[in-house]
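Please read it alongside the sequence and the structure shown here.

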Amino acid sequence: MRQTRSNASSEPRGQKRPGASRAPAAATTAAAASAPGAARARRPTGQAESRSLAATWKPSVKQRPRQSSPLAQEADPGEPEPALLPPPQPRTPTPTSSVATLDLGDQRERWETFQKRQKLTFEGAAKLLLDTFEYQGLVKHTGGCHCGAVRFEVWASADLHIFDCNCSVCKKKQNRHFIVPASRFKLLKGAESITTYTFNTHKAQHTFCKRCGVQSFYTPRSNPGGFGIAPHCLDEGTVRSVVIEEFNGSEWEKAMKEHKTIKNMSKE
């Protein structure tokens, strides 16, 4: 009788199943208890009902409306949903500055061995070859200002031809210099540390370091396409000899007409 009450307690009070009585329920319970394996098969009524519901449950027809893509929402209701194309794959750039793209012929192995031995990249090896061929007979000088903010390199002869100008500004700052084409000069660092002074025709660009005031190079009026380098601002070890020529900058126009080579100093 206690088992019958526990089963019935799962139903709301005050409600009785039609046609059911306590006697048949008791008989059914007794028969189930006497059957072999009844203890194993006995389970709480609530779990049995939940499992039976889970086995027989089917999703309702009234489900949440299917979400379509934004392209389908913008299209007309009668039109089919457009197919989405896959995103384009990025193109892999083709290397153009590699030894593999050059036809070196029988020299390929020799070139690769040279790169490994000198520990150079392809660009570094090409630069060394070009510098050796184009600047044949020249040496690479390095130099800069006093504080070290401005540094440069320049390809020129080891035997320098120096101009000693006596114009108003060169005389005051002792502007002795040698002239090279712009292609042979490279500013290594300090562009933001350089300021420029000009006067008169403003063709000469007297550049100097803003911190220490040293002019290690400038753009001369005689050669606006090149640079005038101060030999006393070069690092030691690359200058073999120096020849100094006086230039009458106080009579600049006359001196330029009479001089035969100075105007061509910045040409390749």
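How many cavities of 30 Å³ or more does the structure hold? The structure holds one.

1. Basis. The model is predicted, and local features need pLDDT of at least 70, side-chain atom pairs count only at pLDDT 80 or more, and totals for chains, interfaces and linings use all residues. Residues are numbered from 1 along each chain as its sequence is written, and side-chain values use heavy atoms, without hydrogens and water.

2. The largest cavity. A cavity is a set of points, on a 1 Å grid over the protein atoms alone, where a 1.4 Å probe fits but cannot get out; lining residues have an atom within 4 Å of a point. The largest cavity holds about 40 Å³ of space, a volume being the space filled by probe spheres set on the grid points, which are joined across faces, edges and corners.

3. Its lining. Among the residues that line the largest cavity are Cys145, Val150, Ile194 and Gln215. Strand E7 (residues 206-209) gives the most, three residues; strands (E, at least two residues) and helices (H or I, at least four) are DSSP runs numbered from the N terminus. By class, this lining has seven nonpolar, three polar and no charged residues. Ala, Val, Leu, Ile, Met, Phe, Trp, Tyr, Cys and Pro count as nonpolar, Asp, Glu, Lys and Arg as charged, and the others, Gly among them, as polar.

4. The second largest pocket. A pocket is an open set of points with protein on both sides within 12 Å along at least five of seven lines. The second largest pocket has a volume of about 360 Å³. Of its 24 lining residues, Cys165, Cys167, Ala204, Arg221 and Trp252 lie nearest its centre. Helix H8 (168-173) is one of the elements that supply at least two lining residues, and H8 has the largest share, three.
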